[in-house]
Amino acid sequence: MGKNVTQKLIKSHLIEGRMIPGEEIGLKIDQTLTQDATGTLVMLEFEALGIPRVRTELSAQYVDHNLMQEDFKNADDHLFLRSACKKFGLWYSRPGNGVSHPVHMERFGMPGKTLLGSDSHTCAAGSLGMLAIGAGGLEVAMAMAGEPFRVNMPKILGVKLVGKLPDWVSAKDVILEMLRRYDVDGGFGKIVEYYGPGLKTLTAMDRHVIANMGAELGATTTVFPADHAVMAFLKSQGREDAFQEILADEDAEYDEYEEINLSELEPLIATPSSPGKVVPVREVAGREIYQSYIGSSANPGLRDFAIAAMVVDGKQVHDRVSFDVNPTSRQILENMMSMGILGKLIHAGARLHQAGCGGCIGMGQAPATNRISLRTVPRNFPGRSGTKEDQVYLCSPETATASALTGVITDPRTLGMEYPRFMEPETVLLNTEMLIPPTQEGELYDLEKGPNIKPLPQLQPLPETLQGLVLLKVGDDISTDEIMPAGAKVLPFRSNIPAISRFVFSQIDETYYERAMGHQQQGSFVVGGANYGQGSSREHAALGPRYLGVKMVIAKSFARIHLQNLSNFGILPLIFTNPEDWKKISQSDRLSIPNARNAIRMGNRVQVNNITKDETYETEHTLTPYQVEMVLAGSLINLVKQKGLNLAKNQS
């Protein structure tokens, strides 16, 4: 039996385990990606490992999230990251150079390579025929040190694309259709691989859009073949030498199958406040909007801005609408200028922002209270925009631009104009000057730590007996943005765990921090619903609660990356064997697990006693033996230090 693209990529990097779904495997990592919202912590973790230099083929650090400099914090952290790159041997992408994912695709993406990133949308690089996975920062630090990345072998969902996209329908509508079918957790434990005749109509940047938001499906990653479209993209970037063809064998098979007829798609939109709440645009057309936002890692391509420019050319956006344009890389901005795209947008009323993540991560561009914001970004979790009472819808550039003109949600097919055509140029203006290459003399450099950079907190091993209060009970689909908010108010404290912990669960319960501090020493628990911890790879959403004393989270199910992050920092993640037991636990109940260490070491079933109600609940953990060791040790860093792991053992 032949192999699909995913199997070829995994087999060529398999260090440990067997390619059997559900079994733990270890993968050699060729490249790593970090961004400033997570990278400061990664660099502190890498420093704690005591490794003088990264051992990957290539590691790159981007400054794209925290670009607003309201005071010294972000500026200091930018200097810290620059110094860490010099000391440890990473590429450094300067502030304003652009969003990590499209810049990495432009400059470093290579078919056949593995990429591990401390950003959940690292999966965007699957558009180039890479195995690109988002993970917690500590795992990325370990990969930088030469350690394999461990993950349970996913099932492979093969999605066959047939047909051709109609006018006014684009790649964003393809991934929104997947979310309409599978919701935000339908990809859990799976890698999504696209194949079929419909691929020939999708450019590499179209595929980036689809692969990027595979994270919203809860998938491990997304994979596309490396074919003519990838070759054309790399050639346009002056990197055709990086191309190698990687196609699925003709007799390749998949664990599961899906098919999308592109010809039958229509403009789609995700309604507040989940990427999975997808409906046709026509069903919500006519609702008044305040903001229309173009850009982000989910629609980063030149065509996404060009189409918008051609739609508004010679027109003015509605006077109530804030038409926000976020170029995704400095290179794309320069090409927008040279091709006249930028002029059309600005003349039509666009508000131009610097190349970076911006409003997508709540760094400015927050919408008005309870007003509708249409965005081409990947997520619309509650409050992520920076406005607590937001109404964010996710859509294509076509829908966002049409609505900007009319002032209401508009199906772009009703504009009454011919659909503009944009052909990707064979060559583009290149900008490589703001990427600073690694140095070879790292020992000559010191880390520049400003006053906001604090040492990692010391984490104690799991105690013999777990006992404490349930300080918070939450429902289904709680995101990392609700556990640890993003935005201009919070993220500047990303390298200061005591300070950033003040914001833990603040979106849900403003009293949580004070209550948690009162139980910090004895420890406390959180009870969650299904898909707990969906969204960002932000490990602060695990480390912050851990600092406040959270020892255990019991939920109906966990999102993949957050489950790993909890394990990395010594929080015991347990799953209700009977989901109905979730209803029986109340906030402020006192729970206990006698002999907790033995309970998780000896098997995967754990009894949790409710002392307040004199009840017992059956739970289980899905931890691998390696993850169990982390939890028992109190963190992965503790485990590394205890075992004296030879981090060079995988270098050959």
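In helix α20, the residues Tyr626, Gln627, Val628, Met630, Val631, Leu632 and Ala633 are buried, where buried denotes a relative accessible area under 20%, exposed over 50%, and partly exposed in between (1.4 Å probe, protein chains only). The model is predicted, so that local features need pLDDT of at least 70 and side-chain atom pairs count only at pLDDT 80 or more, while totals for chains, interfaces and linings use all residues. Residues are numbered from 1 along each chain as its sequence is written, and side-chain values use heavy atoms, with hydrogens and water left out. Helices (H or I, at least four residues) and strands (E, at least two) are DSSP runs, numbered from the N terminus.

- Helix α20 spans residues 625-633 and is mostly covered, with 7 of its 9 residues buried.
- Just after α20, Gly634 adopts a positive phi of about 100°.
- The axes of α20 and helix α21 (residues 636-643) come within 7 Å and cross at roughly 95°; axes are lines fitted to C-alpha atoms, for helices over the stretch in contact, and angles run from 0 to 180 degrees between N-to-C directions.
- The helices α20 and α21 are therefore roughly perpendicular to each other, given that angles under 35 degrees count as roughly parallel, over 145 as roughly antiparallel, 65 to 115 as roughly perpendicular and the rest as oblique.
- On the α20 side, Tyr626, Glu629, Met630 and Ala633 meet Leu636, Asn638, Leu639, Gln642 and Lys643 of α21, contact being defined as heavy atoms within 4.5 Å.
- By class, this contact of α20 with α21 has 5 nonpolar, 2 polar and 2 charged residues; Ala, Val, Leu, Ile, Met, Phe, Trp, Tyr, Cys and Pro count as nonpolar, Asp, Glu, Lys and Arg as charged, and the others, Gly among them, as polar.

**Helices α2 and α5**

- Helix α2 (residues 36-49) and helix α5 (residues 137-144) have axes that come within 9 Å and cross at roughly 50°.
- The helices α2 and α5 are therefore oblique to each other.
- Their crossing is right-handed; a crossing is left-handed if the near helix is turned anticlockwise from the far one by less than a right angle, and right-handed if clockwise.
- Val42, Met43, Glu45, Phe46 and Leu49 in α2 meet Gly137, Leu138, Ala141, Met142 and Met144 in α5.
- The contact of α2 with α5 has, by class, 8 nonpolar, 1 polar and 1 charged residues.

- Thr32 lies in strand β3 (residues 31-35) and counts as buried at 0% relative accessibility.
- Leaving aside neighbours within four places in sequence, Thr32 is in contact with Thr56, Leu58, Ser59, Ala60, His104, Leu115, Leu116, Val140, Ala143 and Met144.
- Val281 belongs to helix α9 (residues 281-284) and is buried, with a relative accessible area of 0%.
- Not counting residues up to four places away in sequence, Val281 touches Pro267, Leu268, Ile269, Thr399, Ile409, Thr410 and Asp411.
- Val281 and Glu389 stand 108 residues apart in sequence and 22 Å apart in space, C-alpha to C-alpha.

**Backbone features in loops**

- The peptide bond from Pro272 to Ser273 is cis, with omega near -5°, and Ser273 is placed in the loop between β13 (268-270) and β14 (278-280).
- Gln365 is a residue other than glycine with a positive phi, near 60°.
- Gln365 sits in the loop between β17 (351-352) and β18 (372-375) and counts as buried at 14% relative accessibility.
- Asp614 also is a residue other than glycine with a positive phi, near 55°.
- Asp614 is found in the loop between β26 (605-610) and β27 (615-620) and counts as exposed at 72% relative accessibility.

**Cysteines**

- The structure holds 0 disulfides, a disulfide being a pair of cysteine sulfur atoms within 2.5 Å.
- The sulfur of Cys85 is 16 Å from the closest cysteine sulfur, in Cys357, which is too far for a bond.
- Cys395 is in no disulfide, and the nearest cysteine sulfur, that of Cys360, is 13 Å away.
- Cys85 counts as buried at 2% relative accessibility, and Cys395 is buried with a relative accessible area of 0%.
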